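Welcome! Please have the viewer open as you read.

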Amino acid sequence: MAGNVWVLAETWRGQVSETTYELLALGRELAAELGVPLQAVLLGHQVKSLTPQLGAAESVVLVDHPALAEPALEPYTYALAQLVKARQPRCLLVPLTNISWEVLGLLPAALELPCANFCRDVRAADGKLQARCLLYGGKVEATAAVSAAPALFGILPGSRPAEKGRGEKAPAVEEVPVELAEAARVKFKKYLEPEAGDVDITQQTVLVSVGRGIQNQDNLALAEELAAALGGAVSGSRPVIDQGWLPLSRQVGKSGASVKPKLYLALGISGAPEHQEGMRNSELIVAVNTDPGAPIFAIAHFGVCADLFDIVPALTEEIKRRKASRAA
Ligand SMILES: Cc1cc2nc3c(=O)[nH]c(=O)nc-3n(C[C@H](O)[C@H](O)[C@H](O)COP(=O)(O)OP(=O)(O)OC[C@H]3O[C@@H](n4cnc5c(N)ncnc54)[C@H](O)[C@@H]3O)c2cc1C
């Protein structure tokens, strides 16, 4: 139906991504403000069994096609373009993840429609949609009013808690055929997997993250010991990965992973916008930095302005001592 709020439901390897639920939560608020239904758009191949998980939406527009079996720019874009043209939703919310965000490079051009990107929020006011967007790698926040419809929005991870986007009941499903005869110029070949045996930092509840302040690879042992005491893993900022002190799979930030642990301990990390982009949604951020003006302190829940080489060994010892006394 024309005028609906649409959310692109993202799936990967047979799972609905957490970000999809965040967008469904945002989409539900927006649909209520506009007084229109919320619909999820699910593209893929043999993914119908996932539709009951999209119950926060009133209904699901499902496109099943072999060309959509893996996330690929051109088939995804052309399928979405056909749907948007035919159904004229009020807006489409697209998750800005490694899987989906390139779609927003091509889709606005294919449809000749406006797109507000890097949005943290979208609201309806006076018949217009207003998006809060991050610009210049997060240094500036701007409000963009989009009156044209359909409007396209790229939504950053963490816009809403994922729990609010889960629904109880199975939504109605409408399967829509699309024409994808056009040969894709970019073809999916294979996934580059993280090294076998390495931890998945996006799944950790505790991350001890080190930055350039750790000085050299040998000093990583301090962070490893603290992470082991806390039952977590070690991650790092980009310079630490660029130096080869940690593998790429441990990088947090814009060109690394987005993480949301219960505790993110930032040791010797300045907190550049590109780093914040990957960790600002952590439940509890604790920063240790010698520079009181370090940007990380602006988003940390607790900050210690001190030398990490004084703090970390003392903290590790104290945690070990408390664990031992609890076990006794
Ligand atoms: C397109 C692009 C993508 C990028 N992607 C990423 C990304 O994914 N992830 C990422 O992290 N960065 C990324 N960056 C780089 C980013 O801009 C920063 O350069 C980087 O995050 C800085 O890393 P850092 O905080 O470890 O180092 P620095 O900025 O050098 O900060 C080191 C900090 O350690 C503190 N320090 C020094 N010694 C101690 C000590 N003994 N005890 C306590 N504190 C100490 C200092 O006060 C300082 O604040 C990207 C940049 C670009 C342009």
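**Ligand site and backbone notes**

A polar side-chain atom of Arg212 comes to 2.7 Å from an oxygen atom of the ligand. Keep in mind that this is a predicted model.

**Contacts with the ligand**

- Ser237 also faces a ligand oxygen atom, with a polar side-chain atom 2.5 Å away from that oxygen.
- Thr290 takes part through its backbone: one of its polar backbone atoms is 3.3 Å from a nitrogen atom of the ligand.
- On its own the ligand would expose 980 Å², and the protein buries 74% of that area.

**The shell around the ligand**

- How many residues surround the ligand? There are 26, and the closest are Arg212, Ser237, Ser255, Ser270 and Asn289.
- Sorted by class, the shell holds eight nonpolar, 12 polar and six charged residues.
- Two or more shell residues come from each of these elements: helix H5 (238-242), helix H6 (273-279), strand S15 (284-289) and helix H8 (308-327).

- Strand S8 (residues 128-135) pairs with strand S9 (residues 140-146) in the antiparallel sense, over seven bridges.
- Within this pair, Leu134 is placed opposite Glu141 in S9.
- Four residues lie between the strands of the hairpin, where Tyr136 takes a positive phi near 50°.

**Backbone angles to check in the viewer**

- As background, most residues other than glycine have a negative phi, and most peptide bonds are trans.
- Gln88 is not a glycine, yet it has a positive phi of about 50°.
- Where is Gln88 found? Look in the loop between helix H2 (73-87) and strand S6 (91-95).
- Ala149 and Pro150 are joined by a cis peptide bond, with omega about -5°.
- Pro150 belongs to the loop between S9 and strand S10 (151-155).

Methods. Residues numbered from 1 in each chain as written. Predicted model: local features only at pLDDT ≥ 70, side-chain atom pairs only at ≥ 80, totals over all residues. Heavy atoms only, no water. Near = heavy atom within 4 Å. Polar contact = N/O pair within 3.5 Å; in protein donor to acceptor, adjacent residues only side chain to side chain. Areas by Shrake-Rupley, 256 points an atom, 1.4 Å probe, with all protein chains shown as cover. Nonpolar A, V, L, I, M, F, W, Y, C, P; charged D, E, K, R; others polar. Pairing = 2+ DSSP bridges.
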